[in-house]
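I opened the structure to look up a few things about its packing and its charged pairs. My notes follow.

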Amino acid sequence: MPNIRSAKKRMRQSARRRARNRVKRAALRTAVKRARTATTPEEAAAAFRSAEQLLDRAAQKGLISKNKAARHKSRLSKLVAQRGPAG
């Protein structure tokens, strides 16, 4: 445990941020997994759009790097395209 007041505050802030980031990262992973495991082309396309938005937002907020978001989006779009056209 820190003794200095500013270190105590930093610890509280870190704990709050860690909790917030864990929730967001878990939601991101779930969205990506839904897009990967979608069975129909329509379901895959909808799940991809949702995952794409979450990836962009996570990259913008600094939760993941820009390149990681781009890599995930690229791989997911390729997978969704293989499933066939939606509609």
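Which residues have the most contacts inside the largest nonpolar core? I looked this up first, keeping in mind that the model is predicted. Leu55, Ile64 and Leu76 have the most contacts inside that core, which has 17 residues. I then checked where the core residues come from. H1, H2 and H3 each supply at least two residues. H2 gives the most to this core, with seven residues.

Leaving out residues up to four places away in sequence, Leu76 touches Val32, Ala35, Arg36, Phe48, Ala51 and Leu55.

Next, the charged pairs. I took the cut-off as a side-chain nitrogen of Lys or Arg within 4 Å of a carboxyl oxygen of Asp or Glu. The count by this rule is one salt bridge. Asp56 forms a salt bridge with Lys73, and their closest N and O atoms are 2.7 Å apart. This pair links distant parts of the chain, 17 residues apart: Asp56 is in helix H2 (residues 41-61) and Lys73 is in helix H3 (residues 66-83).

I also looked up the accessibility of both partners. Asp56 has a relative accessible area of 35% and is partly exposed. Lys73 is partly exposed as well, at 21%.

Last, I noted the confidence. The protein chain has a mean pLDDT of 94, with 98% of its residues at 70 or more. Confidence is highest in helix H1 (residues 5-37), at a mean of 97, and lowest in H3, at 95.

Methods:
Residues are numbered from 1 along each chain as its sequence is written. This is a predicted model: local features need pLDDT of at least 70, side-chain atom pairs count only at pLDDT 80 or more; totals for chains, interfaces and linings use all residues. Side-chain values use heavy atoms; hydrogens and water are left out. Helices (H or I, at least four residues) and strands (E, at least two) are DSSP runs, numbered from the N terminus. Buried means under 20% relative accessible area, exposed over 50%, partly exposed in between (1.4 Å probe, protein chains only). pLDDT is the predictor's confidence in each residue, from 0 to 100. A nonpolar core is a set of buried Ala, Val, Leu, Ile, Met, Phe, Trp, Tyr and Cys residues joined through side-chain atoms within 4.5 Å. Contact means heavy atoms within 4.5 Å.
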